[in-house]
Amino acid sequence: MKIMVAVKRVIDYAVKIRVKSDKTGVEMNNVKMSMNPFCEIALEEALRIKEAGFATEVIAVSMGPSQCIDTLRTGLAMGADRAIHVDTSTSSSSSSATTTLNPLSVAKLLKKLVDLEKPGLLILGKQAIDDDCNQTGQMVAGLLKWPQGTFASKVILDKEKQVATVEREVDGGLETLCLDLPAVIT
């Protein structure tokens, strides 16, 4: 079984954010970027599943400008078998021009990649630290018509039964879900 993990390039969590002087956004020039910490946790979980013998391949996926390749290199260094970069740079004269990726756009791109790669499990970080959307996983599960387990704190796979048992954090404590594979987990 393949596991696909979406990883996002964000401003490093330790960097002090500066607002642009014209108040149109956050200063991105000369700022250290890294893998979203929640995506890092998702990739680590996929690698644990592979090490336990439940998966044959872990594929890291990132979307955005060419600088996302650095994030994918980090994923490969962590142990991912392959990496896929979806370049969203525009063809305008500015080499740094990119298309804005909202959660639905990312979900649609992930659906296309899932259709091509046919993973048995798609794992995403629960949310990104830059926009705090927490939407992409749920949207891609809806587009794929796959079961989903959000806010997962523990994942156990049963290869024979083709199910994933997900322990998830809820307001009142923990909830356990049993998902038929293929599934989406955040």
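Contact here means heavy atoms within 4.5 Å. With that in hand, here are some notes on the model.

1. What you are looking at. This is a predicted model, in which local features need pLDDT of at least 70 and side-chain atom pairs count only at pLDDT 80 or more, while totals for chains, interfaces and linings use all residues. Residues are numbered from 1 along each chain as its sequence is written, and side-chain values use heavy atoms, with hydrogens and water left out.

2. Not counting residues up to four places away in sequence, Ile49 touches Ile3, Phe54, Ala55, Leu121, Ile123, Val155 and Leu157. Apart from the core taken up in the next point, there is another core of 19 residues, including Met63, Val106, Ala107 and Val114.

3. The largest nonpolar core. A nonpolar core is a set of buried Ala, Val, Leu, Ile, Met, Phe, Trp, Tyr and Cys residues joined through side-chain atoms within 4.5 Å; buried means under 20% relative accessible area, exposed over 50%, and partly exposed in between (1.4 Å probe, protein chains only). The largest one holds 25 residues, of which Ile3, Val5, Ile49, Leu121 and Ile123 touch the most other members. Among the elements that give two or more residues to this core are strand 1 (2–6), helix 1 (37–51), strand 4 (57–64) and strand 6 (121–124). Helix 1 gives the most, with six residues. Helices (H or I, at least four residues) and strands (E, at least two) are DSSP runs, numbered from the N terminus.

4. Six strands form an open sheet in the order 5-4-1-6-11-7, with parallel pairing. Strand 5 and strand 7 (148–149) are at the edges with a single partner strand each, so one side of each is left without a neighbour in the sheet. Two strands pair if DSSP finds at least two bridges between them; strands 1 and 4, which run parallel, are joined by five bridges. Met4 stands opposite Ile59 in strand 4.

5. Helices on the sheet. Helix 1 packs on the sheet, where it touches strand 1, strand 4 and strand 6, and its direction makes about 170 degrees with that of strand 1. Helix 3 also packs on the sheet, touching strand 1, strand 4, strand 5 and strand 6, at about 145 degrees to the direction of strand 4. For these angles, axes are lines fitted to C-alpha atoms, for helices over the stretch in contact, and angles run from 0 to 180 degrees between N-to-C directions.

6. Salt bridges. A salt bridge is a side-chain nitrogen of Lys or Arg within 4 Å of a carboxyl oxygen of Asp or Glu, and the whole structure has eight. Lys2 forms one with Glu117, with the closest N and O atoms 3.1 Å apart. Lys2 lies in strand 1 and Glu117 in helix 3 (residues 103–117), so the pair ties together parts 115 residues apart in sequence. Lys2 is partly exposed at 23% relative accessibility, whereas Glu117 is buried at 14%.

7. Another bridge to inspect. The side chains of Lys50 and Asp81 meet at 2.7 Å, N to O. This pair links distant parts of the chain, 31 residues apart, with Lys50 in helix 1 and Asp81 in the loop between helix 2 (68–78) and strand 5 (82–87). Salt bridges that share partners also join Lys2, Glu57, Arg82 and Glu117 into one network.
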